[in-house]
Amino acid sequence: MPNDVDLLVRTSRAVGGVHRSVGEIAVPVEVVDRDLPMSEVEVLFRSPHLPCLAVVDEQDGSIGMVSRSRFTDAQTGRLGYGRAVLARRPVGEVADWSPLVVDERTGIVESATRAMERSGETRYDDVLVRSGTWGAVATSDLVRALVAALSERSLHDPLTRLPGRELVLHTAREWARLLPGSTRRLLLVQADVDGFARVNARFGGAAGDALLRVLADRFADGVPTGAMVGRTGSDELMAVVLLPGVPGAEAEEQVARVVEGVGRALLPQAPDEPPVRLTWVVSPVGAADADALVQEAQRRMLARKADPLPAVAAPG
């Protein structure tokens, strides 16, 4: 039975990724003058790939829209014309002159919310997107993008943009399932900011937030390609690394290289920057209990906080 995190991860993947603004999913749209005869509009709508038309009034600069459904209703007489009469009419008489228009930088959440707040016949119409050129996005695509954005928001830390604790644990469990029958191992490296509360007390919460963002970026740069780095606590970061199989003599050196790389990345770079303590735990070859590894990493971190040794040191 999948848990909530499984469902969120699968949903995010199913909708095709996460987009920040509506301009990222908008497609170019044909723009026509309001005086264009409907006979020519009919030719344009013969393309199955044309979702709508943007209609511009050159005199006052207003923008309207003819959706495919509105065009069909006009052709069948539902808007009071009918095919024979309509052919001689300008498209401006059929267009909706109060479509939903958003700027290309408008966020997905705001755009989808405004689209779903519409009522009546226009509720499911496309949304026009204003940029250097006009674009359009289907309401269904907005809803899918909204689902992906909300899924990501649930699984990621809003401050550092890193995966949150639940997604880190989910990934560790998924990677642990890959180990049986292989020579690979799972390595967890945990970092804790020493004296983080003093940073907040002395410089303020904004300074503490800025420090965490900087350390998160350095941590991500210090781990091997393909590793996951997440924020697992208020001042704790964790990397999950799937180690490839190596001969026995090189196994400890392999772990040491990863930890040393993280340690170098997290060395203080300013006089007032607090040190970072590292702990790590690695699974046996070909097997891992992800939850037990995380628990052991946490136990070691708590024990290390009282350790008088340098905060970041080479493994040994």
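Residues are numbered from 1 along each chain as its sequence is written. In this predicted model, local features need pLDDT of at least 70 and side-chain atom pairs count only at pLDDT 80 or more, while totals for chains, interfaces and linings use all residues; side-chain values use heavy atoms, with hydrogens and water left out.

The secondary structure of the chain comes to 11 helices and 11 strands. Helices (H or I, at least four residues) and strands (E, at least two) are DSSP runs, numbered from the N terminus. Of the 316 residues in the chain, 45% are buried. Buried means under 20% relative accessible area, exposed means over 50%, and partly exposed lies in between (1.4 Å probe, protein chains only). Contact means heavy atoms within 4.5 Å. Among contacts between residues at least 6 apart in sequence, 67% join residues at least 24 apart.

Two strands count as paired if DSSP finds at least two bridges between them. E1 pairs with strand E7 (residues 135-137) in the antiparallel sense, over two bridges. Here valine 27 stands opposite alanine 136 in E7.

Strands of a sheet pair through backbone hydrogen bonds, either parallel or antiparallel. Strand E8 (residues 185-193) pairs with E11 in the antiparallel sense over seven bridges. Glutamine 190 stands opposite threonine 279 in E11.

Axes are lines fitted to C-alpha atoms, for helices over the stretch in contact, and angles run from 0 to 180 degrees between N-to-C directions.

Helix-helix contacts come next. Helix H5 (residues 108-116) packs against helix H6 (residues 139-155) at an angle of about 135°, with their axes 9 Å apart. H5 is therefore oblique to H6. Angles under 35 degrees count as roughly parallel, over 145 as roughly antiparallel, 65 to 115 as roughly perpendicular and the rest as oblique. The crossing of H5 past H6 is left-handed. A crossing is left-handed if the near helix is turned anticlockwise from the far one by less than a right angle, and right-handed if clockwise. H5 contributes Ile108, Val109, Ser111, Ala112, Ala115 and Met116 to the contact. H6 contributes Thr139, Leu142, Val143, Ala145, Leu146 and Arg153. By class, the contact of H5 with H6 has nine nonpolar, two polar and one charged residues. Ala, Val, Leu, Ile, Met, Phe, Trp, Tyr, Cys and Pro count as nonpolar, Asp, Glu, Lys and Arg as charged, and the others, Gly among them, as polar.

Helix H8 (residues 196-203) and helix H9 (residues 205-222) also pack at an angle of about 135°, with their axes 6 Å apart. H8 and H9 are therefore oblique to each other. Phe196, Val199, Asn200 and Phe203 in H8 meet Gly205, Ala207, Gly208, Leu211 and Leu212 in H9. This contact of H8 with H9 has six nonpolar, three polar and no charged residues.

Alanine 138 lies in the loop between E7 and H6. Alanine 138 is partly exposed, at 22% relative accessibility. Alanine 138 and alanine 115 are 23 residues apart in sequence and 9.7 Å apart in space, C-alpha to C-alpha.

Arginine 161 lies in the loop between H6 and H7. Phi of arginine 161 is near 70°, a positive value in a residue other than glycine. Most residues other than glycine have a negative phi. Arginine 161 counts as exposed, at 58% relative accessibility.

Threonine 225 lies in the loop between H9 and strand E9 (228-233). Threonine 225 is exposed, with a relative accessible area of 86%. Threonine 225 and valine 241 are 16 residues apart in sequence and 9.0 Å apart in space, C-alpha to C-alpha.
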